[in-house]
Amino acid sequence: MIGEKRLSDKIATEILSMITVDQRFVPGDQLPNELEFSEELKISRTTLREAIRILVTNGILEIKRGRGTFVKEQLNVDQLTSSLHDLSNLTMNIKDLYEIRLIFEPEAAYYATLRATDQEIAQILQYGKLIEEKINKGEDRTEVEQLFHRTIAQATHNEFIDRLMPVIFQAINKGVILSEKKTNVVTDTIHDHRLIMEFMEVRNAEGARNAMKIHILHAMKDLGMT
(Lines give C-alpha, C1' and ligand atoms only; values in the text may rest on other atoms or scores of the structure.)
Protein backbone atom coordinates (compact mmCIF):
# COMPACT_ATOMS: atom_id res chain seq x y z
CA MET A 1 0.00 0.00 0.00
CA ILE A 2 2.84 2.39 0.91
CA GLY A 3 4.60 1.52 -2.35
CA GLU A 4 1.48 2.34 -4.37
CA LYS A 5 1.14 5.68 -2.60
CA ARG A 6 4.76 6.59 -3.31
CA LEU A 7 4.30 5.66 -6.98
CA SER A 8 1.14 7.75 -7.30
CA ASP A 9 2.99 10.74 -5.78
CA LYS A 10 5.78 10.28 -8.33
CA ILE A 11 3.30 10.00 -11.22
CA ALA A 12 1.50 13.13 -10.00
CA THR A 13 4.84 14.97 -10.12
CA GLU A 14 5.52 13.64 -13.63
CA ILE A 15 2.14 14.87 -14.86
CA LEU A 16 2.81 18.21 -13.18
CA SER A 17 6.10 18.33 -15.11
CA MET A 18 4.23 17.68 -18.37
CA ILE A 19 2.12 20.76 -17.59
CA THR A 20 4.76 23.14 -16.25
CA VAL A 21 8.05 22.17 -17.89
CA ASP A 22 7.25 20.36 -21.14
CA GLN A 23 4.00 22.30 -21.62
CA ARG A 24 2.56 19.22 -23.26
CA PHE A 25 -0.71 20.13 -21.57
CA VAL A 26 -1.70 23.75 -21.10
CA PRO A 27 -4.61 25.24 -19.11
CA GLY A 28 -7.87 23.99 -20.58
CA ASP A 29 -6.33 20.90 -22.24
CA GLN A 30 -7.88 17.48 -21.74
CA LEU A 31 -5.65 14.62 -20.56
CA PRO A 32 -5.63 11.38 -22.59
CA ASN A 33 -8.23 8.83 -21.58
CA GLU A 34 -7.40 6.65 -18.59
CA LEU A 35 -6.50 3.52 -20.55
CA GLU A 36 -4.18 5.30 -23.02
CA PHE A 37 -2.50 7.42 -20.34
CA SER A 38 -1.89 4.52 -17.94
CA GLU A 39 -0.37 2.47 -20.77
CA GLU A 40 1.87 5.39 -21.79
CA LEU A 41 3.09 5.86 -18.22
CA LYS A 42 3.39 2.08 -17.73
CA ILE A 43 1.32 2.10 -14.56
CA SER A 44 -1.99 0.61 -13.44
CA ARG A 45 -5.20 2.56 -13.90
CA THR A 46 -5.60 2.55 -10.11
CA THR A 47 -2.25 4.36 -9.68
CA LEU A 48 -3.18 6.86 -12.39
CA ARG A 49 -6.52 7.58 -10.70
CA GLU A 50 -4.73 8.24 -7.40
CA ALA A 51 -2.20 10.55 -9.08
CA ILE A 52 -5.01 12.48 -10.75
CA ARG A 53 -6.84 12.70 -7.42
CA ILE A 54 -3.73 14.28 -5.87
CA LEU A 55 -3.56 16.89 -8.64
CA VAL A 56 -7.30 17.58 -8.42
CA THR A 57 -6.97 18.10 -4.66
CA ASN A 58 -4.11 20.54 -5.28
CA GLY A 59 -6.12 22.54 -7.82
CA ILE A 60 -4.10 21.56 -10.90
CA LEU A 61 -6.62 19.30 -12.63
CA GLU A 62 -10.39 19.14 -12.67
CA ILE A 63 -12.72 16.30 -13.59
CA LYS A 64 -15.68 17.27 -15.75
CA ARG A 65 -18.36 14.64 -15.39
CA GLY A 66 -19.01 12.82 -18.66
CA ARG A 67 -16.20 14.66 -20.45
CA GLY A 68 -12.89 13.70 -18.83
CA THR A 69 -9.96 15.22 -16.89
CA PHE A 70 -8.73 18.71 -17.77
CA VAL A 71 -5.94 21.07 -16.73
CA LYS A 72 -7.63 23.90 -14.85
CA GLU A 73 -8.18 27.01 -16.93
CA GLN A 74 -6.67 29.41 -14.41
CA LEU A 75 -3.27 28.46 -13.00
CA ASN A 76 -0.46 30.60 -11.67
CA VAL A 77 3.16 29.91 -10.74
CA ASP A 78 2.60 30.35 -7.01
CA GLN A 79 -0.20 27.77 -7.05
CA LEU A 80 1.91 25.30 -9.02
CA THR A 81 4.93 25.79 -6.74
CA SER A 82 2.78 25.32 -3.65
CA SER A 83 1.33 22.15 -5.12
CA LEU A 84 4.78 20.74 -5.81
CA HIS A 85 5.79 21.45 -2.21
CA ASP A 86 2.72 19.54 -1.06
CA LEU A 87 3.61 16.63 -3.33
CA SER A 88 7.26 16.45 -2.36
CA ASN A 89 6.57 17.14 1.33
CA LEU A 90 10.02 18.75 1.71
CA THR A 91 10.96 16.06 4.25
CA MET A 92 11.78 13.37 1.72
CA ASN A 93 14.74 11.06 2.02
CA ILE A 94 17.71 11.39 -0.31
CA LYS A 95 16.35 8.84 -2.83
CA ASP A 96 13.05 10.73 -3.11
CA LEU A 97 14.91 13.99 -3.67
CA TYR A 98 17.11 12.51 -6.38
CA GLU A 99 14.06 11.10 -8.15
CA ILE A 100 12.61 14.63 -8.23
CA ARG A 101 15.91 15.79 -9.76
CA LEU A 102 15.69 13.00 -12.35
CA ILE A 103 12.23 14.17 -13.41
CA PHE A 104 13.02 17.89 -13.71
CA GLU A 105 16.72 18.61 -14.21
CA PRO A 106 17.32 16.86 -17.58
CA GLU A 107 14.46 18.94 -19.01
CA ALA A 108 15.90 22.07 -17.40
CA ALA A 109 19.25 21.36 -19.10
CA TYR A 110 17.44 20.86 -22.42
CA TYR A 111 15.53 24.14 -22.31
CA ALA A 112 18.45 26.08 -20.84
CA THR A 113 20.63 25.00 -23.76
CA LEU A 114 18.03 26.30 -26.20
CA ARG A 115 17.14 29.53 -24.38
CA ALA A 116 20.21 30.68 -22.45
CA THR A 117 21.96 33.88 -23.44
CA ASP A 118 25.65 33.66 -24.29
CA GLN A 119 26.36 35.32 -20.95
CA GLU A 120 24.34 32.67 -19.09
CA ILE A 121 26.19 29.86 -20.88
CA ALA A 122 29.51 31.49 -19.95
CA GLN A 123 28.41 31.71 -16.32
CA ILE A 124 27.38 28.02 -16.25
CA LEU A 125 30.78 27.05 -17.67
CA GLN A 126 32.53 29.22 -15.10
CA TYR A 127 30.71 27.60 -12.18
CA GLY A 128 31.37 24.15 -13.61
CA LYS A 129 35.11 24.83 -13.76
CA LEU A 130 35.06 26.26 -10.24
CA ILE A 131 33.41 23.07 -8.93
CA GLU A 132 36.24 21.03 -10.42
CA GLU A 133 38.84 23.35 -8.87
CA LYS A 134 37.25 23.01 -5.44
CA ILE A 135 37.12 19.22 -5.76
CA ASN A 136 40.80 19.10 -6.72
CA LYS A 137 41.70 21.31 -3.74
CA GLY A 138 39.55 19.29 -1.34
CA GLU A 139 37.36 22.32 -0.59
CA ASP A 140 33.61 22.38 0.08
CA ARG A 141 31.80 22.75 -3.24
CA THR A 142 28.21 22.88 -1.97
CA GLU A 143 27.59 26.57 -2.66
CA VAL A 144 29.17 26.51 -6.12
CA GLU A 145 27.32 23.28 -6.97
CA GLN A 146 24.08 25.05 -6.08
CA LEU A 147 25.02 28.03 -8.26
CA PHE A 148 25.82 25.72 -11.19
CA HIS A 149 22.41 24.06 -11.08
CA ARG A 150 20.57 27.30 -10.19
CA THR A 151 22.07 29.07 -13.19
CA ILE A 152 20.96 26.25 -15.48
CA ALA A 153 17.45 26.52 -14.01
CA GLN A 154 17.39 30.30 -14.46
CA ALA A 155 18.59 29.93 -18.06
CA THR A 156 15.40 28.02 -18.91
CA HIS A 157 13.56 31.33 -18.44
CA ASN A 158 10.79 29.27 -16.86
CA GLU A 159 9.72 30.73 -13.53
CA PHE A 160 8.34 27.45 -12.23
CA ILE A 161 11.65 25.59 -12.69
CA ASP A 162 13.52 28.41 -10.95
CA ARG A 163 11.17 28.23 -7.95
CA LEU A 164 11.70 24.49 -7.75
CA MET A 165 15.37 24.95 -6.82
CA PRO A 166 14.94 24.85 -3.00
CA VAL A 167 13.84 21.22 -3.40
CA ILE A 168 16.78 20.49 -5.70
CA PHE A 169 19.19 22.13 -3.23
CA GLN A 170 18.21 19.60 -0.57
CA ALA A 171 19.37 16.78 -2.83
CA ILE A 172 22.57 18.62 -3.80
CA ASN A 173 23.48 19.35 -0.19
CA LYS A 174 22.88 15.79 0.97
CA GLY A 175 24.66 14.39 -2.09
CA VAL A 176 27.80 16.48 -1.45
CA ILE A 177 27.94 15.31 2.17
CA LEU A 178 27.48 11.66 1.23
CA SER A 179 30.04 11.85 -1.59
CA GLU A 180 32.89 13.22 0.52
CA LYS A 181 34.17 9.71 1.31
CA LYS A 182 33.34 8.17 -2.07
CA THR A 183 36.04 8.77 -4.68
CA ASN A 184 33.97 7.35 -7.54
CA VAL A 185 31.20 9.91 -6.90
CA VAL A 186 33.65 12.80 -7.16
CA THR A 187 35.22 11.35 -10.32
CA ASP A 188 31.82 10.89 -11.95
CA THR A 189 30.80 14.43 -10.93
CA ILE A 190 33.80 15.96 -12.70
CA HIS A 191 33.31 13.86 -15.84
CA ASP A 192 29.54 14.39 -15.97
CA HIS A 193 29.75 18.15 -15.42
CA ARG A 194 32.28 18.41 -18.25
CA LEU A 195 29.92 16.53 -20.54
CA ILE A 196 26.95 18.74 -19.61
CA MET A 197 29.01 21.88 -20.22
CA GLU A 198 30.36 20.64 -23.56
CA PHE A 199 26.87 20.01 -24.89
CA MET A 200 25.54 23.31 -23.58
CA GLU A 201 28.45 25.25 -25.04
CA VAL A 202 27.71 23.97 -28.55
CA ARG A 203 23.94 24.35 -28.01
CA ASN A 204 23.20 20.63 -28.28
CA ALA A 205 20.01 20.51 -26.20
CA GLU A 206 19.37 16.78 -26.58
CA GLY A 207 22.94 16.02 -25.57
CA ALA A 208 22.67 18.28 -22.52
CA ARG A 209 19.44 16.58 -21.48
CA ASN A 210 20.99 13.11 -21.72
CA ALA A 211 24.20 14.22 -19.98
CA MET A 212 22.22 15.63 -17.04
CA LYS A 213 20.17 12.44 -16.80
CA ILE A 214 23.36 10.34 -16.80
CA HIS A 215 24.85 12.63 -14.14
CA ILE A 216 21.93 12.11 -11.77
CA LEU A 217 21.73 8.37 -12.45
CA HIS A 218 25.48 8.08 -11.74
CA ALA A 219 25.02 9.86 -8.42
CA MET A 220 22.09 7.64 -7.47
CA LYS A 221 24.08 4.51 -8.29
CA ASP A 222 27.28 5.68 -6.58
CA LEU A 223 25.35 6.69 -3.45
CA GLY A 224 23.59 3.32 -3.31
CA MET A 225 20.10 4.40 -4.35
CA THR A 226 19.68 1.94 -7.22
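Q: Buried means under 20% relative accessible area, exposed over 50%, and partly exposed in between. On that scale, which class does Arg 203 get?
A: This is a predicted model, and in it Arg 203 has a relative accessible area of 31%. That lies between the 20% and 50% cut-offs, so Arg 203 counts as partly exposed.

Q: What does the side chain of Arg 203 meet in a salt bridge?
A: Asp 118, with N to O at 2.9 Å. The two partners sit in distant parts of the chain, 85 residues apart. Arg 203 is in the loop between α10 (183-201) and α11, while Asp 118 belongs to helix α6 (residues 118-137).

Q: And Asp 118, buried or exposed?
A: Exposed, because its relative accessibility is 63%.

Q: How many salt bridges does the count come to?
A: The count is 11. One of them joins the side chains of Glu 34 and Arg 45, again at 2.9 Å, N to O. Glu 34 is in helix α2 and Arg 45 in helix α3, so this pair ties together parts 11 residues apart in sequence.

Q: Which residues are linked with Glu 34 in a network?
A: Arg 45 and Arg 49; salt bridges link the three residues. As for accessibility, Glu 34 is partly exposed at 25%, and Arg 45 is partly exposed too, at 40%.

Q: What does Glu 50 form a salt bridge with?
A: Arg 53, and their closest N and O atoms are 2.6 Å apart. Both residues are in helix α3, three residues apart, which means about one helical turn separates them. Glu 50 has a relative accessible area of 27%, so it's partly exposed; Arg 53 gets that label as well, at 44%.

Q: OK, let's stay on α3. How many residues has it, and what span does it reach?
A: Helix α3 covers residues 45-57, so 13 residues. From first C-alpha to last it reaches 18 Å, close to the 18 Å expected at 1.5 Å a residue.

Q: Which residues in α3 are buried?
A: Thr 47, Leu 48, Ala 51, Ile 52, Ile 54 and Leu 55. Looking down the axis of α3, these buried residues fall within an arc of 155°, so they line one face of the helix.

Q: What does the face turned away from that buried side carry?
A: The exposed residues Thr 46 and Thr 57.

Q: What does Ile 15 touch?
A: Leu 31, Phe 37, Leu 48 and Leu 55, if you don't count residues up to four places away in sequence. Leu 48 and Leu 55 are among the buried residues of α3.

Q: How many residues are in the largest nonpolar core, and which touch the most other members?
A: That core has 63 residues, and Ile 15, Phe 37, Leu 61, Tyr 98, Phe 148 and Met 200 touch the most other members. Helix α5 (residues 94-115) gives the most to this core, with nine residues.

Q: Switching to phi angles: what is the phi of Lys 42?
A: It's positive, about 60°, although Lys 42 is not a glycine. Lys 42 sits in the loop between α2 (34-41) and α3, and with 74% relative accessible area it's exposed. His 157 also isn't a glycine and has a positive phi, near 55°; the loop it belongs to runs between α7 (142-154) and α8 (159-163).

Q: Moving on to His 215. Where is it, and is it buried or exposed?
A: His 215 is in helix α11 (residues 205-222). Its relative accessibility is 5%, so it counts as buried.

Q: Which side chains make a polar contact with His 215?
A: Asp 192 makes one at 3.5 Å, and His 193 makes one at 3.3 Å. Leaving aside neighbours within four places in sequence, the residues in contact with His 215 also include Arg 101, Glu 145, His 149, Thr 189 and Ile 196.

Q: Last one, Lys 64: where is it found?
A: Lys 64 is in strand β1 (residues 61-64), and at 24% relative accessibility it counts as partly exposed. Lys 64 and Gln 30 are 34 residues apart in sequence, with their C-alpha atoms 9.8 Å apart in space.

Key: Residues numbered from 1 in each chain as written. Predicted model: local features only at pLDDT ≥ 70, side-chain atom pairs only at ≥ 80, totals over all residues. Heavy atoms only, no water. Helix = DSSP H or I, 4+ residues; strand = E, 2+ residues; numbered from the N terminus. Expected span 1.5 Å × (residues − 1). Buried < 20%, exposed > 50% of the residue type's maximum accessible area, 1.4 Å probe, protein only. Arc of directions from axis to C-beta. Core = buried A, V, L, I, M, F, W, Y, C linked by side-chain atoms within 4.5 Å. Contact = heavy atoms within 4.5 Å. Polar contact = N/O pair within 3.5 Å; in protein donor to acceptor, adjacent residues only side chain to side chain. Salt bridge = Lys/Arg side-chain N within 4 Å of Asp/Glu carboxyl O.
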